[in-house]
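Trainee: I have not seen this structure before. Please show me how to read it, one feature at a time.

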Amino acid sequence: MARKIFISYKYGDSQVQRLQNVGLLNTTTVRHYVDALQTLLDANDHINKGEDDGEDMSDFKDETIASNLRNKIWDSSITVILISKGMKDLFVVENDQWIPWEIAYSLKEITRDGRTSGTNAMLAVALPDENGSYSYIVNHYNCVTSWNTGSLFKILGDNMFNRNNKNLIRCSTCQGTHHTGDDHSYIHPVKWSDFIANVNGHLDHVVGHQSNLDHFDITKEV
């Protein structure tokens, strides 16, 4: 089933693993991963509602950019956030950065001309860093996989592991309490390597959450 997908990402972040199809004299950035993702979406007949690589809006005023993005998000049903090591500008407040704004707008129900665009399904895809590691955001231990949500934009972290009635178990190994199952987060996190191995499976999974919004404590404001 073809779906309209908006991709939220930090365009120039170069703290990512080099892609083979990027020339040796060129620096791999998150934008190159968007191009790779676009190829995967095209192969599965999905539609990318984000900007094309040649669609440079840097010279436009912020409100013009915001209006353009609103139109694209409103006409999409899934938002994919690409998590990268340098996605946050630590010297700029979060509500002045584009990614939190795009997440917030994706989560809202917006009515235009009598037609309402519902809350988007949401998927967060973590990219490998320049060393090919995901440890900046996710670590695997003997008894649990731990995502460092505190390092993310607040609206992104708040909407992960936010199921109201959590499926929890007491771990006999570490004596801690762990989430179980794969429906723990409205914005479902996954590593890039796992995502590209099963694109449609991960998209189908988050679309299933859209009919169960009341199962999650969803934060919609930056």
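Mentor: Start with a pair of charged side chains: Asp-158 and Lys-154 form a salt bridge, 2.6 Å from N to O. The term is used when a side-chain nitrogen of Lys or Arg is within 4 Å of a carboxyl oxygen of Asp or Glu. Before going on, note that this is a predicted model, in which local features need pLDDT of at least 70 and side-chain atom pairs count only at pLDDT 80 or more, while totals for chains, interfaces and linings use all residues. Residues are numbered from 1 along each chain as its sequence is written, and side-chain values use heavy atoms, with hydrogens and water left out.

Trainee: Where do Asp-158 and Lys-154 lie?

Mentor: An α-helix has 3.6 residues a turn, so residues three or four places apart point the same way. Here both residues are in helix α4 (residues 154-158), 4 residues apart, or about one turn of the helix. Helices (H or I, at least four residues) and strands (E, at least two) are DSSP runs, numbered from the N terminus.

Trainee: Are Lys-154 and Asp-158 buried, partly exposed or exposed?

Mentor: Buried means under 20% relative accessible area, exposed means over 50%, and partly exposed is in between, with a 1.4 Å probe and protein chains only. Lys-154 has 56%, so Lys-154 is exposed. Asp-158 has 30%, so Asp-158 is partly exposed.

Trainee: How many salt bridges are there in the whole structure?

Mentor: Side chains of opposite charge can pair when their charged atoms come close. A search of the whole structure finds 9 salt bridges. One of them joins Asp-35 to Arg-31, with the closest N and O atoms 2.9 Å apart. These two residues are 4 apart in helix α1 (residues 30-43), about one helical turn. Arg-31 is buried at 5% relative accessible area, whereas Asp-35 is partly exposed at 30%.

Trainee: Which parts of the chain does the salt bridge between Glu-130 and Lys-85 link?

Mentor: Glu-130 and Lys-85 meet at 3.8 Å, N to O. The pair links distant parts of the chain, 45 residues apart: Glu-130 is in the loop between β6 and β7 (138-140), and Lys-85 is in the loop between β3 and α3. Glu-130 is partly exposed at 39% relative accessibility, and Lys-85 is partly exposed at 37%. A network of salt bridges links Lys-85, Asp-129 and Glu-130.

Trainee: Next, the sheet. What is the order of its strands?

Mentor: Strands of a sheet pair through backbone hydrogen bonds, either parallel or antiparallel. Two strands count as paired if DSSP finds at least two bridges between them. In this model 5 strands form an open sheet, ordered β2-β1-β3-β6-β11, and the pairing is parallel. β2 (47-48) and β11 (187-191) are the edge strands, and each pairs on one side only.

Trainee: How many bridges join β6 to β11?

Mentor: There are 5 bridges between β6 (residues 121-126) and β11, which run parallel. Met-122 is opposite Ile-187 in β11, and Leu-123 has His-188 as its bridge partner.

Trainee: Why is β11 described as largely enclosed?

Mentor: The reason is that 5 of the 5 residues of β11 are buried. Ile-187, Pro-189 and Lys-191 point one way from the strand, and His-188 and Val-190 point the other way.

Trainee: How should I read aromatic pairs?

Mentor: Rings of Phe, Tyr and Trp (its six-membered ring) pair if their centres lie within 6.5 Å; planes under 30 degrees apart count as stacked, over 60 as edge-to-face and the rest as tilted. There are 6 aromatic pairs in the whole structure. Among them is the stacked pair of Trp-101 and Tyr-105, 5.5 Å centre to centre with 15° between the planes. Both lie in helix α3 (residues 98-107), 4 residues apart. Trp-101 is partly exposed at 22% relative accessible area, while Tyr-105 counts as buried at 12%.

Trainee: Which parts does the pair of Tyr-186 and Phe-216 tie together?

Mentor: This pair is edge-to-face, 5.5 Å centre to centre with 70° between the planes. Tyr-186 lies in the loop between β10 (177-179) and β11, and Phe-216 in the segment after α6, so the pair ties together parts that are 30 residues apart in sequence. Tyr-186 and Phe-216 are both buried.
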